Amino acid sequence: MRKKICFVIAVVDTAQAFLRDHIEALSKEYDVYLAGNIKNQDDLTMLSVAGVHPLGIERGISVWRDLKAIWQAFRFFKTIRFDAVHSITPKAGLVTAVAGWLAGIKHRTHIFTGQVWATRHGASRWILKSIDKLIAGLDNHILVDGKSQRAFLEEEGVLRKGTAQVFGDGSISGVNSVRFAPNKSARLSIRSELGIQDNTVCYIFVGRLNHDKGINELYMAFDRLASEKNDVFLLLVGWDEDNYGTNLSSYSHIIAGKNFCYYGITLEPEKVLNAGDVFTLPTYREGFGSSVLEAACIGLPCICSDAYGVLDAYIENETGLRCHVGDVDSLYKCMREMYDNPDKRKQMGERARQRAITDFNGARLTKYWVEFYQQILA
């Protein structure tokens, strides 16, 4: 009989964005199931799964709802008799670790992809960090999607040194170099749509718009740059969690429709990224920085912070420039340096694409995932 693996997620987007290729490859040898907060199974039609099961996993902490989700997962695990369960994101990790341990699942795996508590303080930090410690204690296989993140978790006492694996050079899924590739037609189309002139230097951000991504600092640094230069543009793409897209009243030199656009959510980030010249991520915390790789694969140099996690996604002064977390002045200087040196932008972009294709190829990461399961389920 084929052995059974269950991936547990909190939201459908996790499976679509990071697991699709892994699931497709693993499905050739195993029966792969997906469980989580899945309300519309039509969203998963592109995934090669043997079955889908809804679990009441929610992002916020709620003792009653979380206990209910653990009970649902426990019953599902016992019914199907999985050989392995694998969780992604903290809440899914907690539910899976407890339910999998109670159900006696032999192989319980969690992959750490970033820590919410890294920027928290007091009781909130202690509670969230304790959840990660519990996950690490109950699961018997721990993966981390970056080497600097693993070092951070070991220093914080969440992981015992030498107990966690990082596949290759890091990343949960690598990057699809066919999908994310330089596209002159897409560049012209998006720039024309947004009114960005050909000689304008476009700084682009793709991700969730919130405080932890450094959007405040990005606005302040760009406002300063825009006061000096007329041929610069700031393009923000993604889910606006904290209403940053329309909150421009504090910045006298950021003008929507002239040098700024909040593009919103897109299912084709590869097209919008082509409109940019410099990818900018002044994040406070990051698990790895997959968006940096996607931009790199298109040929964009980056400006990234010195937060752990994202450090693995670029090489300072080779594929991008480094600013300091929460430091507007250092971010502005990086943005100005990129503006003043078009040849450097081009050279860094070319090296970034080369590195993304060579070291973070999606097929390479999928191969690591398959080999991992071939080893533990042998």
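**Figure 1. Lining of the second largest pocket in the predicted model.** Helix H11 (342-359) gives the largest share of the lining of the second largest pocket, six residues. A pocket here is an open set of points on a 1 Å grid over the protein atoms alone, where a 1.4 Å probe fits, with protein on both sides within 12 Å along at least five of seven lines; lining residues have an atom within 4 Å of a point. Helices (H or I, at least four residues) and strands (E, at least two) are DSSP runs, numbered from the N terminus. The volume of the second largest pocket is about 580 Å³, where volume is the space filled by probe spheres set on the points, and points are joined across faces, edges and corners. Of its 22 lining residues, Arg187, Gly276, Asp277, Gly299 and Leu300 are the closest to the centre. H6 and H11 are the elements that give two or more residues to this lining. By class, the lining holds seven nonpolar, seven polar and eight charged residues. Ala, Val, Leu, Ile, Met, Phe, Trp, Tyr, Cys and Pro count as nonpolar, Asp, Glu, Lys and Arg as charged, and the others, Gly among them, as polar. This is a predicted model, in which local features need pLDDT of at least 70 and side-chain atom pairs count only at pLDDT 80 or more, while totals for chains, interfaces and linings use all residues. Residues are numbered from 1 along each chain as its sequence is written, and side-chain values use heavy atoms, with hydrogens and water left out.

**Figure 2. The largest cavity.** A cavity is a set of grid points where the probe fits but cannot get out. The count is one cavity of 30 Å³ or more, and the largest cavity holds about 60 Å³ of space. Its lining includes Val292, Leu293, Cys302, Tyr314, Arg355 and Phe360. Helix H9 (290-298) and helix H11 each supply at least two of the lining residues. The lining consists of 10 nonpolar residues, one polar and one charged.

**Figure 3. The two sides of helix H6.** Ala186, Ile190, Arg191 and Leu194 are the buried residues of H6 (residues 184-194). They lie on the same side of H6 because they cover an arc of only 120° around the axis, taken from the directions from the helix axis to the C-beta atoms. Buried means under 20% relative accessible area, exposed over 50%, and partly exposed in between (1.4 Å probe, protein chains only). The buried residues pack against strands E8 (201-206), E9 (232-237) and E10 (260-264) and helix H8 (269-273), with contact meaning heavy atoms within 4.5 Å. Lys184, Ser185, Leu188 and Ser192 are exposed on the other side. At the N-terminal end, asparagine 183 caps H6, with a side-chain oxygen 3.1 Å from the backbone nitrogen of serine 185.

**Figure 4. Histidine 141 and its contacts.** Histidine 141 is in strand E6 (residues 141-144) and counts as buried at 19% relative accessibility. Its side chain makes a polar contact of 3.0 Å with that of histidine 107. A polar contact is a pair of N or O atoms within 3.5 Å; within protein, one must be able to donate a hydrogen and the other to accept it, and residues adjacent in sequence count only if both atoms are side-chain atoms. Not counting residues up to four places away in sequence, histidine 141 touches His107, Arg108, Thr109, His110, Phe372 and Ile376.
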